[in-house]
Amino acid sequence: MSRQRLTILVLLLLLTFTASGALAQETTPTPTAADQTIFLTFVPNIQFSPFYVALEKGYFSAGGINATLQYGDEPVGVDLIASNQLQFGSISGEEVIKARANGRPIVSVYEWFQQYPIGIVVPEGSGIESVKDLAGKKVGIPGRFGASYNGLTALLAANGLTENDIQLEPIGFNAPDVFCVGGVEAAVVYINNEPLQIQDRIKAGNCNNYTGVKVFPVSVAADMVSNGIATNEDTIANHPELVQGFVTAFDQAEKDTINNPAEAYLLSVKYVDNLPLPDDFKAALETVARAQDEFLAGDPSRQAIADSRAALLESLSSQFDEATLVQFHVLLNTIDLWDADQLGFSAEYSWEITQEILKTMGFVTDPIDLTKAFTNDFLPAAEG
């Protein structure tokens with residue numbers, strides 16, 4: 001081969017490699033069904049039990065998904081999913097709206113929490129009998145950010161108040177501590193766990209001589225969208241079977257958790273550090289988990305299953321102390337926020353309410369097309 005022909009060949013090869021490299025950079029990464037990392041906010045927690053159940057019972061695997069979990073701050077999860085570096089994660093409805101308002105193609109495919117988990121807690125006997133009575137009162141909040149701030153704004157607005165009508169006090173994530181020393185007259189809390197912590201301190205006589213608490217949930221006043229499962233437009237358009245497999249797996253795991261929380265708690269232990277499980281408590285949960293399976297075989301109603309959870313808590317409370325039961329109690333309280341006639345369903349009016357709150361707060365200027373922010377297309381068919 002002549003030197004001239006060799007030079008031409010080398011140049012052609014270089015052009016080919018350069019072109020293919022540029023094409024690779026422009027091509028959206030293709031998700032691999034066999035290997036999916038799921039983004040969860042914050043740290044391992046019993047509230048993520050459906051994910052642990054789906055892993056332990058093989059539901060993700062049955063859907064063709066080899067799943068691993070990644071924890072971190074929610075804005076990081078939004079970035080990873082919007083850029084298609086990850087395909088799935090637990091992201092709140094507010095963050096989906098804010099992301100799409102900034103041109104980011106994130107989509108909610110499953111409304112996991114059917115009730116907004118934020119509320120305001122006040123001492124019983126304080127004279128605060130309604131949200132309107134908070135006018136002029138010192139109200140603690142983690143800070144002017146996140147679900148707590150969004151929920152507070154919605155709750156105040158529904159009762160004809162604004163932030164200017166109260167004394168808002170940023171206290172970090174220390175509501176039980178600050179509330180129980182009387183540092184604030186009310187506190188914005190996650191209703192599935194922080195009122196429980198405060199009640200436990202009251203029972204122990206370590207909460208400012210309070211005798212009990214009253215909680216005003218946001219969900220009573222405003223049906224806002226909370227945590228859900230999010231993906232992106234690329235994954236929906238090009239890999240709908242992957243989205244369907246994920247949603248089907250998660251939906252089954254959530255049903256299992258709602259129907260048999262004792263089993264879900266036991267399956268979550270390997271994922272959540274320091275989850276209370278002394279030997280006698282473990283044995284009790286194993287016994288009730290088996291009994292619940294027999295009960296479920298009779299196809300009980302949703303109400304009957306809810307009654308069985310209440311009876312289970314009452315029974316366990318007579319056998320174990322609060323320190324042992326605390327995380328199981330949190331699980332039961334959280335299940336109440338998930339449960340619905342059709343799990344995972346999103347209603348457009350809930351998204352409209354949420355967007356209006358974000359507009360009021362200045363997080364959204366121009367309304368987005370909400371019909372592109374969520375879809376119910378991947379939900380399993382409703383039973384009955």
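Figure 1. I120 stands opposite F216 in strand 9. Strand 5 (residues 118-123) and strand 9 run antiparallel and are joined by 5 bridges; two strands pair if DSSP finds at least two bridges between them. Strands (E, at least two residues) and helices (H or I, at least four residues) are DSSP runs, numbered from the N terminus. This is a predicted model, in which local features need pLDDT of at least 70 and side-chain atom pairs count only at pLDDT 80 or more, whereas totals for chains, interfaces and linings use all residues. Residues are numbered from 1 along each chain as its sequence is written, and side-chain values use heavy atoms, with hydrogens and water left out.

**Figure 2. The open sheet with strand order 7-6-8-5-9.** The sheet has 5 strands and its pairing is mixed. Its edges are formed by strand 7 (167-170) and strand 9 (213-217), each of which pairs on one side only. On average, neighbouring strands of this sheet are turned by 30 degrees against each other, direction ignored. Axes are lines fitted to C-alpha atoms, for helices over the stretch in contact, and angles run from 0 to 180 degrees between N-to-C directions. Helix 6 (residues 146-158) lies across strand 5, strand 6 (138-141), strand 7, strand 8 (186-190) and strand 9, and runs at about 75 degrees to strand 5. Helix 8 (residues 194-203) also packs on the sheet, where it touches strand 5, strand 8 and strand 9; the direction of helix 8 makes about 125 degrees with that of strand 8.

**Figure 3. The open sheet with strand order 2-1-3-10-4.** This sheet also has 5 strands and mixed pairing. Strand 2 (67-72) and strand 4 (106-110) stand at the edges with a single partner strand each, so one side of each has no neighbour in the sheet. Neighbouring strands are turned by 40 degrees against each other on average, direction ignored. Strand 1 (residues 36-41) and strand 3 (residues 88-92) run parallel and are joined by 2 bridges; F39 has G89 of strand 3 as its bridge partner. Helix 4 (residues 74-82) packs on the sheet, touching strand 1, strand 2, strand 3, strand 4 and strand 10, and its direction makes about 130 degrees with that of strand 3. Helix 11 (residues 240-259) lies across strand 1, strand 3, strand 4 and strand 10, at about 45 degrees to strand 4.

Figure 4. With a relative accessible area of 0%, T231 is buried; buried means under 20% relative accessible area, exposed over 50%, and partly exposed in between (1.4 Å probe, protein chains only). The T231 side chain reaches the backbone oxygen of Q87 at 2.7 Å. Beyond neighbours within four places in sequence, T231 is in contact (heavy atoms within 4.5 Å) with I81, Q87, F88, P105, I106, V107, V109 and I236.

**Figure 5. D251 and its partner Y110.** D251 lies in helix 11 and counts as buried at 4% relative accessibility. Its side chain makes a polar contact with the side chain of Y110 at 2.8 Å. A polar contact is a pair of N or O atoms within 3.5 Å; within protein, one must be able to donate a hydrogen and the other to accept it, and residues adjacent in sequence count only if both atoms are side-chain atoms. Leaving aside neighbours within four places in sequence, D251 is in contact with Y110, L343 and P380.

**Figure 6. F60 in the largest nonpolar core.** A nonpolar core is a set of buried Ala, Val, Leu, Ile, Met, Phe, Trp, Tyr and Cys residues joined through side-chain atoms within 4.5 Å. The largest such core has 65 residues, of which F51, F60, F179, F246, L316 and F328 touch the most other members. Not counting residues up to four places away in sequence, F60 touches I38, F51, A54, L55, I65, A67, F246, A249 and F250. A second, separate core of 25 residues includes I128, L152, I166 and A222.

Figure 7. From C-alpha to C-alpha, G298 and I166 are 51 Å apart in space, and they are 132 residues apart in sequence.
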